[in-house]
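Here are some questions and answers for a reader who is meeting this structure for the first time. Please look over the sequence and the model before reading on.

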Amino acid sequence: VTLLLAAAVCTHGREQVKDSNGNPVKRGAKYFIQPAKSNGGGLVPAAINILPFCPLGITQTLLPYQPGLPVSFGYEPVIIGTDYIYTSTTINIEFRSEIWPVCNELSKLWAVDVSSSAAKEPAIIIGGERTAPNSLFKIEEATGAHTYKLTTSSGTVGTIPGPWLGAPQLIATNDDAKTLFVKFVKVDDDATKATTSTSRVEKLGLRMFPFY
């Protein structure tokens with residue numbers, strides 16, 4: 001009862017995050033994060049520096065038929081008693097893939113670059129630590145049906161033209177004009193089954209991996 005009460009307190013007054021079909025987003029399930037309004041595809045890992053090559057950043061693929069690479073959401077700290085993700089609640093975001101050809105020494109968790117060499121608008125990178133402040137995100141409601149934005153302690157997640165043919169690269173910014181509005185598309189488990197250990201969808205998403 002105490003644990004359930006704690007969960008109720010943590011999520012009181014907050015809305016369930018909904019996927020693109022209007023269904024609640026579930027903790028641990030796989031979703032594509034895709035721009036709400038764009039001619040391109042979903043979000044994928046990509047190099048943002050020549051040297052050092054790692055950590056990778058996150059870029060929107062320019063190819064509209066590529067859904068991106070699946071992610072899952074989890075609470076940090078863990079909230080017991082709910083299977084769903086709520087707005088304005090601290091979460092981790094993690095890429096989910098069997099193929100990860102580079103930077104294997106780092107995690108697949110999203111984070112804000114807080115290194116000494118970080119830009120004024122720091123990049124969103126891969127390689128976070130679950131409890132680190134720069135690895136904590138929140139999902140906030142935005143204008144439009146099932147449309148959201150991601151926020152961090154360093155600012156709102158937005159985009160700037162990146163090094164890969166100008167493909168939008170994710171950053172943390174305080175410039176509202178750069179805000180990235182997104183939708184969450186549930187990964188169809190049947191569509192991602194394959195005879196090998198890697199799904200067709202993951203292979204499509206990972207084509208944006210440098211040198212892959």
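This is a predicted model: local features need pLDDT of at least 70, side-chain atom pairs count only at pLDDT 80 or more; totals for chains, interfaces and linings use all residues.

Q: How many residues does the largest nonpolar core have?
A: Elements that give two or more residues to this core include β1 (31-35), β4 (71-75) and β12 (182-186). Among the residues with the most contacts inside the core are Ile 33, Phe 73 and Phe 184, and the core as a whole has 35 residues.

Q: Which residue forms a salt bridge with Glu 94?
A: Glu 94 is in strand β5, and its partner is in the loop between β7 and β8 (138-141), 36 residues apart from it. The closest N and O atoms of the pair are 3.5 Å apart, within the 4 Å that a salt bridge requires, and the partner is Arg 130.

Q: How many residues apart in sequence are the parts that Glu 121 and Lys 178 tie together?
A: These two side chains form a salt bridge whose closest N and O atoms are 2.8 Å apart. Glu 121 lies in the loop between β6 and β7, while Lys 178 lies in the loop between β11 and β12, so the parts that the pair ties together are separated in sequence by 57 residues.

Q: Does Asp 83 count as buried, exposed or partly exposed?
A: Asp 83 meets Arg 27 in a salt bridge of 3.7 Å, N to O. The relative accessibility of Asp 83 is 46%, and because buried means under 20% and exposed over 50%, Asp 83 counts as partly exposed.

Key. Residues are numbered from 1 along each chain as its sequence is written. Side-chain values use heavy atoms; hydrogens and water are left out. A nonpolar core is a set of buried Ala, Val, Leu, Ile, Met, Phe, Trp, Tyr and Cys residues joined through side-chain atoms within 4.5 Å. Buried means under 20% relative accessible area, exposed over 50%, partly exposed in between (1.4 Å probe, protein chains only). Helices (H or I, at least four residues) and strands (E, at least two) are DSSP runs, numbered from the N terminus.
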